[in-house]
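Please keep the sequence and the structure in view while reading.

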Amino acid sequence: MTRPATPTSTTGAPLVAATSAPSSVAVAGEPVLAVRVDQDLCTGDGLCVQYAPEVFEFDIDGLAYVKGEDGELLTSAGASVLAPAGCTRAVLDAAELCPGECIFVTAADGSVVAGPGAPGT
Ligand code: SF4
């Protein structure tokens, strides 16, 4: 399976952070991506933690969760974070390779970029 180097919208335009993006983690030229994990599907194998430890971490239950900029795990259902600067590729790879198919990555416009429901999946 191949994926474009830069995620694109349904119009084919690249999804990149604007210099005035609302998130402090957004960097011009990098896509603004929201990431969440569905723990009901997580196998606990740890691939995501290996790929992007800045974003994913295990909790005591052995399942992966996203974590905030302060390192705190976000354990509420459906919690999401923005991928920090420099983690875009790792997050996309983790979502694409996640054996539980439970990492959801969406762009600023709400379109699914990687994980279940992404184009080509
Ligand atoms: S890669 Fe997917 S299935 Fe594996 S620990 Fe991470 S979220 Fe869970």
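## Val-113

Val-113 is located in strand E6, which covers residues 112-114. The model is a predicted one.

Is Val-113 buried or exposed? Around Val-113, 28 other C-beta atoms lie within 10 Å. A residue counts as buried if that number is 20 or more, so Val-113 is buried. Glu-96 is 17 residues away from Val-113 along the chain, and the C-alpha atoms of these two residues are separated by 9.7 Å.

Which strands pair with E1? One of them is strand E5, residues 103-107, which runs antiparallel to E1 and is joined to E1 by five bridges. Within this pairing, Thr-106 of E5 stands opposite Ala-34. Strand E4, residues 80-82, also pairs with E1 in the antiparallel sense, here over three bridges. Ser-80 in E4 is the bridge partner of Arg-36.

## Around the ligand

How many residues surround the ligand? The number is 16, and the closest are Cys-42, Leu-47, Cys-48, Cys-98 and Gly-100.

Sorted by class, this shell consists of 11 nonpolar residues, four polar residues and one charged residue.

Notes:
Residues are numbered from 1 along each chain as its sequence is written. This is a predicted model: local features need pLDDT of at least 70, side-chain atom pairs count only at pLDDT 80 or more; totals for chains, interfaces and linings use all residues. Helices (H or I, at least four residues) and strands (E, at least two) are DSSP runs, numbered from the N terminus. A residue is buried if 20 or more other C-beta atoms lie within 10 Å of its own, exposed if 12 or fewer, and partly exposed in between; C-beta atoms are placed from the backbone. A residue is near a molecule or strand if its C-beta atom, placed from the backbone, lies within 6 Å of it. Ala, Val, Leu, Ile, Met, Phe, Trp, Tyr, Cys and Pro count as nonpolar, Asp, Glu, Lys and Arg as charged, and the others, Gly among them, as polar. Two strands pair if DSSP finds at least two bridges between them.
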